[in-house]
Amino acid sequence: MENIYKTGEGIYRESLGIEAGLKDVYESIDRLREINQVKVLEAMKEEGLTSQDLVGTTGYGYSDRGRDAIEGIYAKIFKAEDALVRSQIASGTHALTLSLFGNLRPGDEMLSITGKPYDTLEEVIGIRETGRGSLKEYMISYSQTELIPGGGFDYDRIEKAINERTKLVLIQRSGGYELRKSLTIEEIKGVCKFIKDIKSDVIIMVDNCYGEFTEGKEPSEAGADLVVGSLIKNPGGGIAPTGGYVAGKREIVENIAARLTAPGIGKDIGASLDINRLFLQGLFLAPHVVGESLKGAVFASAFMERWGFKSFPGPRDMRSDIIQTFVFETERALLLFCKGIQEASPVDSFVTPIPWDMPGYDAPVVMAQGGFVQGSSIELSADGPIKPPYIGFMQGGLVYEQVKMGIFNALQLMLKEGIINI
Ligand SMILES: *Cc1c(COP(=O)(O)O)cnc(C)c1O
């Protein structure tokens, strides 16, 4: 076969065998994709989506039929009573923040059962103080239990941590930027039942960022009362230019809507402007795109291992998010990896990523990112903190071939500098 990737012959030749050996893994991803594609299409059909729904509103956005249809479709996909899907939700962190502030009241306690939550939530909760309205300032307390080594829930500790004030339990499905495995829907199902048996009225909320469509079911089908995520990740399909969603029990979603807009107004306002079509088109493509990302991650995992880099999860491990991690051992290897990914970007391919002191991080961070939507992480991107053991995170990829190209570029750069050998 001709090497059309314009990268080193040796690297390309080696990839052919690796790719052929992954055929059965790719087939299982295709089956997953089929399940989710049918689910999305059915939801659009059942909702009776019309061409008028693609057109948005201005001003207050009263009677925005497209917006309501989108929320109906999300509710169907997530098997939830209701959903809120808005461009006014600025990010995943914003969606999570609205969910917490909308449903917690002074005196309540929230409990994270997946250890320390995603970095940006520390200031929201008040683990790190900013003096600008954290949950802690509103007398809402916080506790957490760690996952057991290897990744499962610590059932004993969870039971002990649930008390009369516990109002909400947070589960983060993806490992985020911790080196742990993502939680499967089966695992989430088990712990939801366990929690409800102890305290039936507690709200179980899942941070679903990076998890959507990576399995045939979502956490809301496994006992979670609320799932929350970002539209510049999986469910936006690379098309949604901004936004976030929540889906869950009606009462809980109403509380969140009252926080997003105003008590008494809730879901009834919020002009969609020109975004309805993009949300819908992105959602329509999302199962396919997530499949591309998963295949890219599987390939990268297998091929990087071939060159001696530890990768996590491994190519044949169960996945419940789209994040792929590598251990680079040296700063140089991590930087070259990011440079290689950047070179495979459709936008800003000529840029060399350099580490910078990102607010809220204890080490400089290097990031490769050259997509069509700023910061979108369903588009191919890579990043990592500059500290031993120099772990790099790679996620997304709207098309499989781009991920392959990024990995080839990175390995080619490493080969030139003698970091790897043929
Ligand atoms: C990305 C992410 C968030 C936050 O989303 P932003 O859009 O970056 O604010 C929260 N939790 C997890 C697990 C994430 O991956």
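The model is predicted: local features need pLDDT of at least 70, side-chain atom pairs count only at pLDDT 80 or more, and totals for chains, interfaces and linings use all residues. Residues are numbered from 1 along each chain as its sequence is written, and side-chain values use heavy atoms, with hydrogens and water left out.

Start with the seven-stranded sheet. This sheet is open, its pairing is mixed, and its order is E1-E7-E6-E5-E4-E2-E3. Strands (E, at least two residues) and helices (H or I, at least four) are DSSP runs, numbered from the N terminus. Two strands pair if DSSP finds at least two bridges between them. Strand E1 (82-86) and strand E3 (141-144) stand at the edges; each has a single partner strand, so one side of each is left without a neighbour in the sheet. Neighbouring strands here are turned by 20° against each other on average, direction ignored. Axes are lines fitted to C-alpha atoms, for helices over the stretch in contact, and angles run from 0 to 180 degrees between N-to-C directions.

Inside this sheet, strand E2 (residues 109-112) and strand E4 (residues 166-172) run parallel, joined by four bridges. Leu 111 stands opposite Val 169 in E4.

Helix H3 (residues 65-77) lies across E1 and strand E7 (244-248), at about 130° to E1. Helix H8 (residues 250-260) lies across E1, strand E5 (203-207), strand E6 (226-230) and E7. H8 runs at about 25° to E1.

Now the other sheet. Five strands form an open, antiparallel sheet in the order E8-E9-E12-E11-E10. Its edges are strand E8 (310-312) and strand E10 (365-369), each with a single partner strand, so one side of each is left without a neighbour in the sheet. Neighbouring strands are again turned by 20° against each other on average, direction ignored.

Follow the pairings from E8. E8 and strand E9 (residues 323-327) pair in the antiparallel sense over three bridges. Ser 311 stands opposite Phe 326 in E9. Helix H10 (residues 331-343) packs on the sheet. H10 touches E9, E10, strand E11 (381-385) and strand E12 (391-395), and its direction makes about 20° with that of E10. Contact means heavy atoms within 4.5 Å.

E11 links both ways. Five bridges join E10 to E11 in an antiparallel pair, and three antiparallel bridges join E11 and E12. Ser 381 is the bridge partner of Gln 369 and stands opposite Gln 395 in E12. E11 and E12 form a hairpin with five residues between them. In the turn, Tyr 390 has a positive phi of about 55°. E11 is mostly covered, with four of its five residues buried. Buried means under 20% relative accessible area, exposed over 50%, and partly exposed in between (1.4 Å probe, protein chains only).

Finally, turn to helix H2 (residues 23-47), which holds Asn 36. Asn 36 is buried because its relative accessible area is 0%. Leaving aside neighbours within four places in sequence, Asn 36 is in contact with Phe 213, Glu 215, Gly 216 and Pro 287. Glu 212 is 176 residues from Asn 36 in sequence, yet the C-alpha atoms are 9.7 Å apart.

Leu 41 also lies in helix H2. Leu 41 counts as partly exposed because its relative accessibility is 44%.
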